[in-house]
Amino acid sequence: MATTTASVPTDSGSRYLQQLCKHWGHKFDVTFDAQRGTVALPQALTTMVAEAGSLRVTIDAEDPAVLDRMKGVVAEHLDRFAFKEAPLAFDWK
């Protein structure tokens, strides 16, 4: 299993994770509340946690190539919801 995590500086992490979960909830298995959301994508699991001043995003995938692709997909979608402060700073580790 390959994993990557980014702590994204924003004061709107709760709002962005809820928007993304609602958006993807039409296609994927999603669970979320104001502080935490998970999205079961076809080949990866994305977990988001709203923290004070940041949004922690973790992606788990079986294949490293899928993991790299999903980093871009998740960042692109979050940037759409964060259009007032986009692009968000994703420092994947």
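**Exercise 1. Aromatic rings**

Task: Decide whether Phe28 counts as buried, partly exposed or exposed, and describe the aromatic pairs in the structure.

Solution. Step 1: Phe28 has a relative accessibility of 22%. The model is predicted, and this value is computed from it. Buried means under 20% and exposed means over 50%, so Phe28, at 22%, counts as partly exposed.

Step 1: Apply the cut-off to Trp24. Its relative accessibility is 5%, so Trp24 counts as buried.

Step 2: Searching the whole structure gives 2 aromatic pairs. One of them is formed by Trp24 and Phe28, with 6.2 Å centre to centre and 85° between the planes. Planes over 60 degrees apart count as edge-to-face, and the Trp24 and Phe28 pair is edge-to-face.

Step 3: Turn to Phe90 and Trp92. Their ring centres are 5.5 Å apart and their planes stand at 15°, so this pair is stacked. Both Phe90 and Trp92 are buried.

**Exercise 2. The chain as a whole**

Task: State how many helices and strands the chain has, and judge its radius of gyration against the globule rule.

Solution. Step 1: The chain has 2 helices and 5 strands. In sequence order they give the pattern β-α-β-β-β-β-α.

Step 1: The radius of gyration is 12 Å, and the globule rule gives 12 Å for 93 residues. The two values are close, so the chain is as compact as a globular protein of that length.

Step 2: The C-alpha trace spans about 30 × 25 × 20 Å along its principal axes. Of the 93 residues, 44% count as buried.

Step 3: Consider contacts between residues at least 6 apart in sequence. Of these, 49% join residues at least 24 apart.

**Exercise 3. Strand pairing**

Task: Find which strand pairs with E1 and which residues lie on the covered face of E1, then describe how E2 joins E3.

Solution. Step 1: E1 pairs with E5 in the antiparallel sense, over 8 bridges. Within this pairing, Ser7 stands opposite Arg56 in E5.

Step 1: In a regular strand the side chains alternate between the two faces of the sheet. The covered face of E1 holds Ala2, Thr4, Ala6 and Val8. Its uncovered face holds Thr3, Thr5, Ser7 and Pro9.

Step 2: E2, residues 29-32, runs antiparallel to E3 and is joined to it by 4 bridges. Asp29 has Ala40 in E3 as its bridge partner. The two strands form a hairpin through 3 residues.

**Exercise 4. The nonpolar core**

Task: Name the residues of the largest nonpolar core that touch the most other members, and find which element gives the largest share.

Solution. Step 1: The core has 27 residues, and those touching the most other members are Val8, Met48, Leu55, Val57, Ile59, Leu78 and Phe90.

Step 1: Two or more residues each come from strands E1 (2-9), E3 (36-41), E4 (44-51) and E5 (54-61), and from helices H1 (13-24) and H2 (64-81). H2 gives the largest share, 6 residues.

Step 2: Take Met48 as an example. Beyond four places in sequence, its contacts include Leu17, Leu20, Cys21, Val39, Leu55, Val57 and Leu78.

Technical notes: Residues numbered from 1 in each chain as written. Predicted model: local features only at pLDDT ≥ 70, side-chain atom pairs only at ≥ 80, totals over all residues. Heavy atoms only, no water. Core = buried A, V, L, I, M, F, W, Y, C linked by side-chain atoms within 4.5 Å. Buried < 20%, exposed > 50% of the residue type's maximum accessible area, 1.4 Å probe, protein only. Contact = heavy atoms within 4.5 Å. Pairing = 2+ DSSP bridges. Phe/Tyr/Trp six-rings, centres within 6.5 Å; stacked < 30°, edge-to-face > 60°. Rg over C-alpha atoms; globule rule 2.2 N^0.38 Å.
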